[in-house]
Amino acid sequence: MEDSLIPVVPMSHTAHIRSHRKPRPRSSSALAMRAGVAGGVLSTLAVAGAAGSANAAEPVTQTIELPTLTADLTAQVAESAEVTQQAAADYQLRAERDAAAAKAAKQAKADLADAKKKAEAKQKAEDARKAAAERATRSAGRTTLAATPSNDAVAPASGSVATVISFLRAQVGDAYVMGATGPDAWDCSALVQAAFKQVGVDLPRVSQAQSTAGTPVALSNIQVGDILYWGGAGSAYHTGVYIGGGQYLDAANPSKGVVIQDLSGYPASGAVRVL
């Protein structure tokens, strides 16, 4: 037993402290080994870097999964579709209304044009009827004047009648102006009214009233100073004064003014006597 005991050698208290002695020179074989290991590591890193660069040059495709629609999102999509459908229906309804309005306006325009044409045709027919009636009246007047001797000798112009005729003749050459009452321009009824006012006879201002102002006289019995009218009694459109010899004096129209004319050229419709 005593022979197997291992002797214990006391350790210095500084044995755990690293020695500050300079390292011993290593052998060339150890350095070569270390250089080889380092070269292998660098080669491995270079290969790994090249592989990384090659992999980086290749495009990377990544698949992104769309999120699953939730119940709320589905409801919103459905509501949006319903709103879009309603807007489309409203647009179509407005388009139909606009088309109907345009069609109605076009039809109204066509109806108006048709009514205008009918009114024009009716007016032309009425004008033709009046012209025919006027021609018939003139023809009848010419026949009456041709068959009836002059009444100048029966009722010579004298007294009040002479004054009226004298005033009228003094106005020959004056202008005709609708609504004018003298002294240098007249319309037909204003001239007649002014002439008879010279002898104290107050006549109405307009032709319609003058045609019924006195005693009706047949055209076959007219005398100097009688008022002649054209148109119906009470609706006459023109008046003048008979001055004898088949002639009358009137403010005819803007182109003629105040003139003396022959009844044979424009026979009167009737006559009244106020003197």
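1. **The sheet.** Six strands form an open sheet in the order β3-β8-β4-β5-β6-β7, with antiparallel pairing. Its edge strands are β3 and β7, each of which pairs on one side only. Neighbouring strands are turned by 35° against each other on average, direction ignored. For your bookkeeping, two strands count as paired if DSSP finds at least two bridges between them. Strands are DSSP runs of E with at least two residues, helices are runs of H or I with at least four, and both are numbered from the N terminus.

2. **What you are looking at.** This is a predicted model, in which local features need pLDDT of at least 70, side-chain atom pairs count only at pLDDT 80 or more, and totals for chains, interfaces and linings use all residues. Residues are numbered from 1 along each chain as its sequence is written, and side-chain values use heavy atoms, with hydrogens and water left out.

3. **The chain as a whole.** The protein chain has five helices and eight strands. Read from the N terminus, its elements run α-α-α-β-β-α-α-β-β-β-β-β-β. Of the 275 residues in the protein chain, 22% are buried, where buried means under 20% relative accessible area, exposed means over 50% and partly exposed lies in between (1.4 Å probe, protein chains only). Among contacts with a separation of 6 or more, 57% are between residues 24 or more positions apart; a contact here is heavy atoms within 4.5 Å.

4. **Strand β8 and its two partners.** β8 (residues 270–273) pairs with β3 (residues 215–217) in the antiparallel sense over three bridges.

5. **Strand β5 and its neighbours.** β5 is mostly covered, with seven of its seven residues buried. Its pairing with β4 is antiparallel over four bridges, and Trp 230 stands opposite His 238 in β5. With β6, the pairing is antiparallel over three bridges; Gly 244 has Gln 247 in β6 as its bridge partner. β5 and β6 form a hairpin with two residues between them, and Gly 245 in the turn has a positive phi of about 65°. As background for reading that value, most residues other than glycine have a negative phi.

6. Which strands does α3 touch? α3 packs on the sheet against β5 (238–244), β6 (247–251) and β7, and its direction makes about 115° with that of β5. α4 lies across β4, β5, β6 and β7, running at about 50° to β5. α4 is mostly covered, as eight of its ten residues are buried; among them are Cys 188, Leu 191, Val 192 and Phe 196.

7. **How α3 and α4 meet.** The axes of α3 (residues 160–170) and α4 (residues 188–197) come within 8 Å and cross at roughly 135°. Axes are lines fitted to C-alpha atoms, for helices over the stretch in contact, and angles run from 0 to 180 degrees between N-to-C directions. The two helices are therefore oblique to each other: angles under 35 degrees count as roughly parallel, over 145 as roughly antiparallel, 65 to 115 as roughly perpendicular and the rest as oblique. The crossing is right-handed, a term used if the near helix is turned clockwise from the far one by less than a right angle, with anticlockwise being left-handed. Val 164, Phe 167 and Leu 168 in α3 meet Leu 191, Ala 194, Ala 195 and Phe 196 in α4.

8. **Gln 261.** Is Gln 261 buried or exposed? Its relative accessibility is 15%, so Gln 261 counts as buried. Gln 261 sits in strand β7 (residues 258–262). Its side chain makes a polar contact of 3.1 Å with that of Asp 250 and one of 2.9 Å with that of Lys 256. A polar contact is a pair of N or O atoms within 3.5 Å; within protein, one must be able to donate a hydrogen and the other to accept it, and residues adjacent in sequence count only if both atoms are side-chain atoms. Leaving aside neighbours within four places in sequence, the contacts of Gln 261 include Gly 246, Gln 247, Tyr 248 and Ala 252.

9. **A cis peptide bond.** The bond from Gly 182 to Pro 183 is cis, with omega near 0°. Pro 183 lies in the loop between β1 (175–176) and β2 (185–186).
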